[in-house]
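Thanks, everyone. Please have the structure up on your screens. I'll keep this brisk.

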Amino acid sequence: MDVLWESTEPLTVRQVGERLTDRDLAHTTVMTVLDRLAKKGFARRERDGRAWRYCAAADREAYVTELMLHALDQTGDRSAALASFARSVSDAEARVLRRALESLGEIDRD
Amino acid sequence: MLAAVLVLAAVAVGTIPAAAALLSARWPYRSPAAAILLWQALGLSWGLAAVGALAGLGARQAGWGVAGGALTGAAGAARAAVLGSCPAMLAAIARLIFLAAAAALLALLCWVLLAASAAVLLARRRHRVLLRLLAHGDPKVPGALVVDSPAAAAYCVPGLRSAIVVSAGTLDLLDAAELAAVLAHERAHLRERHDLVLLPFSALNRALPRCRLVRQAYGSVALLVEMLADDRALRHRPARELATALIRVGVSSAGPAPSGALAAAQAPDGETAARVARLLAPAPPLPAAALTLICSAAALLVAVPAGLLLLPW
């Protein structure tokens, strides 16, 4: 997936395999993985002659944003799917918390 | 049979003011585990008693409790409704209506729980797929995944293939000791499967989003579960590290005020502050006698409706 994100143009299976230099993967393995990514909606593919060309369906940041929105419980529905360490606080509560930190003698590192 | 129905109805109605009382009580912060147990008992007791009272109204006297009476009652009432004389027929139809209502309520409660579980499993699966694509390990947080995002977030994805996730923003924000406290907190969630504790309450909240008592009960149990995980983390880490970690992550999330729909998703005021206060100035846990009393009350709450439903008398 990183290969697709880094590329500016759609890649064939062979090109993806060539860019995965750190791992020695069989052509069919790469093909299977790309096919699976396409089925799950993470990659788009288009016909180019006899080969498929793959590109990422959305950029990396979009997925990171989706993860974080879900994690920070800001998707609107407070679901029980994940357990956040600290939920987002109101401004008033933030002031109370900052005072608590100061009273602990901790210098604010922000 | 009438006595049993009256008791069941009294339990079903009585659990509601009991829940309201538990919401405003202060002792749950001192012993969150006992309070969670009581919440679970209240919820289960309400469900059993409500279904049981309806079924009891349609049941016929029988040696096998309300559940057995309801089954024989259904067969008898159906026969009487078809074959009986006019007054007997009306009575039989009324009994059938109560039995149908009981069956519908039971089916609805089961459906709500199943639908919520399915939604949670789907959301987690999507989340895990994304994590596999995006997250990486980091020596600063052994055993956890790191997502490259400047926002401060730390959370766990419960389940058989569980994961603890920390954002790069959190790594910058917290020192090593605070990170260890966060990991201890999240590990407690995963180890004790706190998500399963929360699931029935979130399911009911999804089904009845406008019911204030249900929403508050869900919020209360969610906060108690966090406090329980805080307490577990204290077994391994000093309270001060956990408190400063909480403050830093909480304050950083305040940032620019979120607008519209996002603001609605904010926690009710003071959840994080309440946890910090509890860590820095801990109240003593409840004495053993009080804990015994709470556990007995919880057992009784479930045993009475369950007994009336199932036991012969």
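In which hand does H8(B) pass H11(B), left or right? The crossing is right-handed. Keep in mind that this is a predicted model.

Let me stay with that pair. H8 covers residues 212-234 of chain B, and H11 covers residues 271-280 of chain B. Their axes come within 11 Å and cross at roughly 30 degrees. Who meets whom? From H8(B) we have Leu223(B), Glu226(B), Met227(B) and Asp230(B). From H11(B) we have Glu271(B), Arg275(B), Arg278(B) and Leu279(B). By class, this contact has five charged residues, three nonpolar and no polar.

Now to a contact between chains. H11(B) also packs with helix H5 of chain A, residues 91-103. The angle here is about 20 degrees, and the axes are 9 Å apart. Angles under 35 degrees count as roughly parallel, so H5(A) and H11(B) are roughly parallel to each other. The crossing of H5(A) and H11(B) is left-handed. H5(A) brings Glu93(A), Val96(A), Leu97(A) and Ala100(A) to the contact. H11(B) brings Thr272(B), Ala273(B) and Val276(B). Five of these contact residues are nonpolar, one is polar and one is charged.

Next, the sheet in chain A. What is the strand order? The order is E1-E3-E2, in an open sheet of three strands with antiparallel pairing. The edges are E1, residues 11-12, and E2, residues 43-48. Each edge strand pairs on one side only. E2(A) and E3(A), residues 51-56, pair in the antiparallel sense over six bridges. To find your way in, look for Arg47(A): the bridge partner of Arg47(A) in E3(A) is Trp52(A). Then look for helix H3 of chain A, residues 27-39. H3 lies across E2 and E3 of chain A, and runs at about 115 degrees to E2(A).

Last stop, the domains of chain B. Domain 1 takes in 1-15, 38-113 and 295-313. Domain 2 is 135-253. How far apart are their C-alpha centres? They lie 40 Å apart. Four residues of domain 1 are in contact with six residues of domain 2. On the domain 1 side, helix H2 (32-58) and helix H4 (86-134) of chain B each supply at least two residues. That side has three nonpolar residues, one polar and no charged.

To recap the helix pairs: H8(B) with H11(B) is right-handed, and H5(A) with H11(B) is left-handed. Over to you for questions.

Terms used: Residues numbered from 1 in each chain as written. Chains lettered and ligands numbered in written order. Predicted model: local features only at pLDDT ≥ 70, side-chain atom pairs only at ≥ 80, totals over all residues. Axes fitted to C-alpha atoms, helices over the stretch in contact; angles between N-to-C directions. Helix = DSSP H or I, 4+ residues; strand = E, 2+ residues; numbered from the N terminus. Parallel < 35°, antiparallel > 145°, perpendicular 65-115°, else oblique. Left-handed = near helix turned anticlockwise from the far one by under 90°. Contact = placed C-beta atoms within 7 Å. Nonpolar A, V, L, I, M, F, W, Y, C, P; charged D, E, K, R; others polar. Pairing = 2+ DSSP bridges. Domains from an automatic or database assignment.
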